Amino acid sequence: MKQLLSKDKWKFMLYTVSHPADGYYEIRHRERGSVPIALILVVLFSIAWSINRISAGFVVNSIDPREVNSISELFTVLLFFVLICVSNWSITCLMDGKGRLKDIIIAVGYSTIPATVCILIGTLFSQFVSKDEAAFYTMICGIGIAYTLFMMLIGIMTVHSFTLGKTIITIFLTIVALLIIIFILLLLVDLVNQVYSFLRSIYQELMFRA
């Protein structure tokens, strides 16, 4: 674990942000990435998102901070992250992708850095903007999200050794797989709830007759 969180790994993470193609190539072929760091970055993204929803200036934020549950949002982000990685891995296995599940986790995790940084900068900036300057806040956050999506695209393309066209198709199929998995999970949750309600009703009936 110490090696996976070494100083060199953190430095290479920053290198990947400025040189996505080279960075992801090194991650895939020379084991220079770190799954623990990728997971930490996803957690930091969730924290930055919650901070934005709670603390962004009233000019750009209409959310009641009391309605924000940071723990719930953290679990939601982590679950969504896992589903993205699993969906992409399942699709790329069928399309002869070269990347392993750990490479996908690192690629997606590292790609959250620009969004995290820009959201935090935007949150700070929002404390001082007027209504006429709100567009700058949107631009700051938009740049971070756009670069995150760009890094994710480059990461998937590089770790799987895909062309740009095949990568775009893969991302589309990943979204489809993600929706299918969510649909199946919702069905399972509903089934479990129905079974629980049925067993509970039987138990209550037995207790009533006793």
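Two residues are in contact when heavy atoms of theirs lie within 4.5 Å. In this predicted model, local features need pLDDT of at least 70 and side-chain atom pairs count only at pLDDT 80 or more, while totals for chains, interfaces and linings use all residues. Residues are numbered from 1 along each chain as its sequence is written, and side-chain values use heavy atoms, with hydrogens and water left out.

Start with T16, in helix α1; helices are DSSP runs of H or I with at least four residues, numbered from the N terminus. T16 has 0% relative accessibility and therefore counts as buried, that is, under 20% relative accessible area with a 1.4 Å probe, protein chains only. Leaving out residues up to four places away in sequence, T16 touches G23, Y24, I27, Y110 and M151.

Next comes the largest nonpolar core, which has 30 residues. A nonpolar core is a set of buried Ala, Val, Leu, Ile, Met, Phe, Trp, Tyr and Cys residues joined through side-chain atoms within 4.5 Å. Y24, V108 and Y110 touch the most other members. Helices that each supply at least two residues of this core include α1 (7-18), α3 (35-55) and α7 (134-159). Beyond its neighbours within four places in sequence, V108 is in contact with F81, I84, C85 and M152.

Finally, α4 (residues 70-94) packs against α8 (residues 164-209) at about 120°, with axes 8 Å apart. Axes are lines fitted to C-alpha atoms over the stretch in contact, and angles run from 0 to 180 degrees between N-to-C directions. The residues making this contact include F80 and L83 of α4 and T170 and L173 of α8.

Notes:
Buried means under 20% relative accessible area, exposed over 50%, partly exposed in between (1.4 Å probe, protein chains only).
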